[in-house]
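Colleague: I would like to learn how to read a structure like this one, feature by feature. Could we begin with the strands and then turn to the charged side chains?

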Amino acid sequence: MRFSCQSMMFQGEDAAHLLCCVAVEHLDASGQATKRQVIRKAAVTLGRNEFQEIVLRVHNGKAPQSFTFREMQLFTRFARDGKSTIKLLPGNIQVLISDCPPDRLHVFLKTLSIKYQAWKAKKPMGDRAKMLAGLPRTFETISPLQKKDVQQANELRGKVNAPPPAKGLAERTSNKTTGQRVKRRQPDSSECSPVKALHPAKKPSFSLPLGRKLSKEQAQILDAVLSGKNIFFTGSAGTGKSYMLKRIVGSLPPKSTYATASTGVAACHIGGTTLHNFAGIGSGSAPLEQCLELARRPGVLQHWTSCRHLVIDEISMVEAQFFDKLEAIARSIRRSSEPFGGMQLIARSWRKCIQLNMELTEVRRQTDKSFISLLQEIRLGRVTEEVTSELMKTAYNCIERDGILATRLCTHKDDVELTNENKLQQLPGVIHTFEAVDSDPQLVKTIDAQSPVAQVLQLKVGAQVMLTKNLDVQRGLVNGARGVVVSFEPGNKGLPCVRFLCGVTAVMKPERWVFKANGGLYLSRQQLPLKLAWAISIHKSQGMTLDCVEISLARVFECGQAYVALSRAMSPEGLRVMDFDPHVVRADPDVLLFYKRLRKERLLRQGSMDEFVSREEQENERL
């Protein structure tokens, strides 16, 4: 199977190339732009010239411009939005990069930083030596990052951040005693690293930009998206759908990509907005003509006209009537008869919109093969005697340890709130209250709808809590990690210290979440990344991986709800199912028919690919 280089973003020369919008500015002594050139579709390449100096080449499709690095400053504050600025000194030229796929920009900037620091560690060739060398002009794409580059960059970082020698102090003391007035020497620009110039107090440590490797199925999906196909992808729990969606969003240009979801919390997880906010037509219950008028309002109209890639998460929760109206509005506003007005759709949709249906089958959340097979049976609504026996056995599992109790998954939100409030009140000790800092207190309800953390969080020692954000994946501090509050730090802030089931004990500090609201407005909330976890709803648990979970399925009321709950557990050892009833396990007949068709399509694709590979091998043998 062959995949395009676009899907393997962290390998080879791909880290040295960008396709984006570029503005090249020539600045005067005061920092004002005297000349500005904007290239909407620019190819940016990082390379070396004949003297092994780092060169940035910007190509507009006609004639390339090359900028040789001597000194530089790198501005990366908005890299997550696909924007960055490279300022070249002493020529006072700055290259403004925008509308670049964020994941690709991240790797490019890291490659540039490390290669630049490694080059600084070497002695550069002087102008006279260059003239005498008489080398022809060349440009070669910079080589992939190596460990030696990282080592050299970190060595220079250590020298830059090292404390000043005692000799300088002695000289100042000597000058002071003689009564001479000594002018303080300004540091030369060559003495500052680009990172230190921006953050003097920080001591960054470089490392290779390693990304999580995509599976074959995930790479196929990403390739299909990058080739411009309308695609729907699904998969059983734990196959990496959420991660895949984030990789897709990070691989597309930000200005023309809108990441949406059917709920605010789901939208927050992918860094997007709700589908209703994007559409701007309210609930969509009004007649189509009225919905069109709403969609043509200033601010909302820009969404429809500028969007080239529309990502919809949790689309199974979008009503068919609402979805049909969106499709009609897109064709009308964009004046195109193509499905969705020619927008690329990445979601679950009707056949007239979707060109490719794909399914992720490799489960990564669970490793126990028998447990994976059991969950697959539940997913399809099949409850054999063996499945029933295995789930009923879990009722006797003792899954509590180190003072951390099992999280109870409930079918109804009211049960969750009542359980958490009662359990907190039953604990002895003083309640510690933590209030969030919102960017706009007038829009608390809007923020609440999208935020995974509450505006007010109350805790006590012994409170069962859950992480709501990935803090340190390597140490197990991930979204859904379970823990218990063991103490509070002294002082005004009184931050909680939490012992997690993964073995880590850490002080929780406030984190920040950013949300997109109507009209392109950005809102934020700063709060502790915790929520009470005696109980959570099955709906809110979607996408989570839980260490220890207790489930009561007696009040299950929807098809697939039992499967969603059971598949949150990492293993049967961390699962306890109370009052299991086989009759509550149901799968929607239409969904089962869809999956049957999906697997048939996959087998046909695989068969044609195998036939193609076989023909290629036969032709190679003849040659």
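**Reading a sheet and its salt bridges**

Modeller: Let us start with an open sheet of 5 strands, whose order is 22-21-20-19-25 and whose pairing is antiparallel. Its edges are strand 22 (505-507) and strand 25 (530-532), each of which pairs on one side only, and from one strand to the next the twist averages 40 degrees. Please keep in mind that this is a predicted model.

Colleague: Over how many bridges do strand 19 and strand 20 pair?

Modeller: Strand 19 (residues 464-467) and strand 20 (residues 482-488) pair over 3 bridges, in the antiparallel sense, and within this part of the sheet glutamine 464 stands opposite valine 484 in strand 20.

Colleague: How many salt bridges does the structure hold?

Modeller: A salt bridge is read from a side-chain nitrogen of Lys or Arg within 4 Å of a carboxyl oxygen of Asp or Glu, and the structure holds 16 of them. In one of these, glutamate 550 joins arginine 408, with the closest N and O atoms 2.3 Å apart; the pair links distant parts of the chain, since glutamate 550 lies in strand 27 (residues 549-552) and arginine 408 in strand 15 (residues 407-410), 142 residues apart.

Colleague: Does glutamate 550 count as buried or exposed?

Modeller: Buried means under 20% relative accessible area, so glutamate 550, at 13%, counts as buried, whereas arginine 408, at 28%, counts as partly exposed. Both residues belong to a network of salt bridges that links Glu400, Arg408, Glu550 and Arg576.

Note on methods
Residues numbered from 1 in each chain as written. Predicted model: local features only at pLDDT ≥ 70, side-chain atom pairs only at ≥ 80, totals over all residues. Heavy atoms only, no water. Pairing = 2+ DSSP bridges. Helix = DSSP H or I, 4+ residues; strand = E, 2+ residues; numbered from the N terminus. Axes fitted to C-alpha atoms, helices over the stretch in contact; angles between N-to-C directions. Buried < 20%, exposed > 50% of the residue type's maximum accessible area, 1.4 Å probe, protein only.
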